[in-house]
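Take a look at the sequence and the 3D view before reading on.

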Amino acid sequence: MKVTRENEQLVFMIEKEQANQTIREFLQNYHLSRKKIHELYMDKKVTLNGEGTNFNEQLQVGDQLSIPVFEAEEIDFHPQKMKLDIVYEDDHLLIINKPAGLMVHPDQKNGKDTLVNGVAHYYQEKGISHRVRYIHRLDTDTSGGIIFAKHYLAHSLMDYWLSEKKIRRWYLALVMGRLKTKKGKIDAPIGKDRHHSARRRVAKNGDQAITFYQLKKQFKNYALVELELKTGRTHQIRVHMSHLGHPLLGDVLYGGVAKVGPLKRQALHSSRIEMTHPITKELLEITVPLPTDMQKLI
């Protein structure tokens, strides 16, 4: 489907796959809330072939459906200048390589010194008057790719995709010891550790947690492993690799050694993202470069 931007409008050229559905159904396919669809209807800024329309009208091949997704919004986090490592950007998405030691968002809206504060400043600097919408998070000491949606249409659809595991993310980790098997699946439920509020542990009554791992390179006393999560539990990779007997280097919470060379945190990096673009529908395969501390150990 061809999509173009015209000022504040996103214009969809309807093709055979979208024909015969109503405008309301088209919007519902982006998993917009009833409230948002009603708001769009009441504002009367959605147009079909340049004219106002009823949301029950059926779309036909060749129609041009215009939706106001680039209207100005108030930036909702305190803008704060910081260096951002941008690995992908277009009108709809922003993907940033987050450094270790930086929180994704503050505990309160007026908080500072987090990634979203840097993104808010970047938007302000580039004249992007939109809310800061992150799709997922990483632990403070985990580095790697974070996806931001630049408008509500992309945000709504990707939120749904994330819940349905349709956004694939791979991690690279340095783990202690020598792996006996080159690849495997860890299927072990994870729950809270009642003896330590910050920890999680493998527990029979915990939530289902599945991790796939593959050995990339074996060193003398540690290994480079690629991992993919099929669930998104708190500290999942850290808990599962510790459970396997191979805690992450630097991960003292789960049995890793405190410091190895330049590494002063758990050796975990979100290294690869594969997803369908929420607007153009093209396949995106994004590689996120490793930080220096992990590179030096590899």
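What follows is a short briefing on salt bridges and on one helix.

This is a predicted model, where local features need pLDDT of at least 70, side-chain atom pairs count only at pLDDT 80 or more, and totals for chains, interfaces and linings use all residues. Residues are numbered from 1 along each chain as its sequence is written, and side-chain values use heavy atoms, with hydrogens and water left out.

**Salt bridges**

- Side chains of opposite charge can pair when their charged atoms come close.
- A salt bridge here is a side-chain nitrogen of Lys or Arg within 4 Å of a carboxyl oxygen of Asp or Glu, and the count comes to 13 salt bridges.
- D91 pairs up with R5, with 3.7 Å between the closest N and O atoms. This pair links distant parts of the chain, 86 residues apart: D91 sits in the loop between β6 (86-89) and β7 (93-98), and R5 in strand β1 (residues 3-6).
- Helices (H or I, at least four residues) and strands (E, at least two) are DSSP runs, numbered from the N terminus.
- E71 teams up with K45, and their closest N and O atoms are 2.7 Å apart. Here the partners are 26 residues apart, with E71 in the loop between β5 (64-68) and β6, and K45 in the loop between α2 (34-43) and β3 (47-48).
- R238 bridges to D139 at 3.3 Å between the closest N and O atoms. R238 lies in helix α5 (residues 236-243) and D139 in the loop between β8 (133-134) and β9 (143-149), so this pair ties together parts 99 residues apart in sequence.
- D139, R238 and D251 are linked in a network of salt bridges.

- Buried means under 20% relative accessible area, exposed means over 50%, and partly exposed is in between (1.4 Å probe, protein chains only).
- D91 is partly exposed at 36%, and R5 is partly exposed at 42%.

**Helix α2**

- In α2, K36, I37 and L40 are buried. They cover an arc of only 100 degrees around the axis (taken from the directions from the helix axis to the C-beta atoms), so they're on the same side of α2.
- On the other side of α2, R34 and K35 are exposed.
- The buried residues of α2 pack against α1 (23-28), β5 and α4 (152-163).
- After α2 comes K44, with a positive phi near 55 degrees.

Methods
Contact means heavy atoms within 4.5 Å.
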